[in-house]
Amino acid sequence: MDVNKNSYIFTFSAILVVVVGATLAFAAESLKPMQKENVRLEKMQNILASVKIESTPEEASAKFEQYIVEQVLLDHTGTQLTKDGVTAFDIDVVKEFKTIDEDKRSYPLFIFEDGGERKYIVPLAGKGLWGPIWGYVAFNGDMNTIYGSTFDHKTETPGLGAEINQPDFQDKFIGKTIFEGSEYVSVEVVKGGTDVSGDKHRVDGISGGTITSKGVGEMMERTLNVYVPYFKRSQKAAL
Amino acid sequence: MSETAEATAVVKEPREPLFSSKNKKLLSDPLNDDNPITIQVLGICSALAITVQVKQAVVMSLSVLVVMIGANLIVSLMRNLIPSRVRIIVQLVIVAALVILVDQVLKAYVYDVSKQLSVFVGLIITNCIIMGRLEAFALANKPWPSFLDAIGNAAGYGWILIAVAVVRELFGSGKFWGYQVIPDAVYDFGYFNNGLMILPPMALITVGIIIWIQRSKNTKLIEEN
């Protein structure tokens, strides 16, 4: 058989591609449940990390059940809504915020309780320099002071923008407040190296990672805005 | 893979012995005299990128081992069927398919490691060692020698990677496999982790030092002018 005939080359390539394609499709489909489970556990770990609960993948599920006492869904005006069979955890905010119709988006909120103390965890999603960034911010019971935060990214520059997933950066948000009096001002991330000591609404960004840092500030401002009516109502109810 | 090995084992009498001196050389040469990293200077990019921690280096070495064995065996079995005009593309398709498989398996079973390796698993496709062995060896040899050649070269790649990673993790973060090995007392005396060790340039220097030691020990490698 002449393996260098054109007809042979075409047949050979076609068969090879079909075989390889089928194998990969089969492998991807059969491994998908386990991969999804890993992503789910990681999400639980991230949510818990924003309230400073460390967990391993094995214990994430149990701890999540234990500490997250309530999951709330809001619409874009901050009104609570119920969707059949959909919990706040099922909402992938990175995808959800891409929905074109704003009034069709749902905004999840997780309520954490430990020893009678409640924290409110808001998932965030936005964009950095190269790709999506996301995170979770936890508020104290006053729904104003930040208790903790975690951020992560897909493809930010290592050593610069990618530092947003490091404790050094995340801890800077602790104790900052998003309301000035009763006015919503969010927390701004300013250019790296700025002196922000004593400023309740500004956080020092990462030097060399300005666009990513600004992205973090932008996603906080935009996303939290939706939660403001809910927060204000709850604050009033608490008084 | 093991089936091929057994099949060859059953009918070994009339042929050359499984571990003839020639076959043994396939295994041992890449470890020293013909090391893919230190002698052929292939696969350097991943040696720099993935050697900050020992754990990553080990997972990367195992992944390369699996891909290399798979690719070498498949190409060797198909060597008489592959049209030479499209052989590079065929090799690439086979390697890429195997790499995607490895990536999917890592994501399913060792998720945290797969996150750390992220793009580097994908970059196994472009690891010059793999394509180099397919082109230079598997296309012209039977499956068994190709299998040995794959193990030899992956091991040669792996031991350098792990050696560099041990040095970098120990001096860069005072740890081994993620556990602290330099006691706190030493830090109290004013010892500091070397931050430069974490950065890629230090990997290059470490590889350089390994090459230096290797060349000074191994007389075969000393070039005469």
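## Exercises on two chains of a predicted model

Helix α4 (residues 54–77) of chain B packs against helix α8 (residues 128–136) of chain B at an angle of about 20 degrees, their axes lying 10 Å apart. This is a predicted model, in which local features need pLDDT of at least 70 and side-chain atom pairs count only at pLDDT 80 or more, while totals for chains, interfaces and linings use all residues. Residues are numbered from 1 along each chain as its sequence is written, and chains are lettered from A and ligands numbered from 1 in the order in which they are written.

**Exercise 1.** Describe how α4(B) and α8(B) pack.

*Solution.* 
- Start with the angle of about 20 degrees. Axes are lines fitted to C-alpha atoms, for helices over the stretch in contact, and angles run from 0 to 180 degrees between N-to-C directions.
- That angle makes α4(B) roughly parallel to α8(B) (angles under 35 degrees count as roughly parallel).
- Next, find the contact: α4(B) brings B:Val67, B:Met68, B:Ala71, B:Asn72 and B:Val75, and α8(B) brings B:Ile130, B:Arg133 and B:Leu134. Two residues are in contact if their C-beta atoms, placed from the backbone, lie within 7 Å.
- Finally, sort these residues: six are nonpolar, one is polar and one is charged. Here Ala, Val, Leu, Ile, Met, Phe, Trp, Tyr, Cys and Pro count as nonpolar, Asp, Glu, Lys and Arg as charged, and the others, Gly among them, as polar.

**Exercise 2.** Now turn to chain A. Which strands pair with β5(A)?

*Solution.* 
- One partner is strand β4 (residues 117–127) of chain A, antiparallel to β5(A) over eight bridges. Strands pair if DSSP finds at least two bridges between them.
- In this pairing A:Lys127 stands opposite A:Pro132, and four residues separate the two strands of the hairpin.
- Another partner is strand β6 (residues 146–153) of chain A, antiparallel to β5(A) over seven bridges. There A:Phe139 stands opposite A:Ile146.
- Six residues lie between the strands of the β5(A)–β6(A) hairpin, where A:Met143 takes a positive phi near 55 degrees.

**Exercise 3.** Why is β5(A) described as largely enclosed by the rest of the structure?

*Solution.* 
- Seven of the eight residues of β5(A) (residues 132–139) are buried, so the strand is largely enclosed.
- A residue is buried if 20 or more other C-beta atoms lie within 10 Å of its own, with C-beta atoms placed from the backbone.

Methods: A residue is buried if 20 or more other C-beta atoms lie within 10 Å of its own, exposed if 12 or fewer, and partly exposed in between; C-beta atoms are placed from the backbone. Angles under 35 degrees count as roughly parallel, over 145 as roughly antiparallel, 65 to 115 as roughly perpendicular and the rest as oblique.
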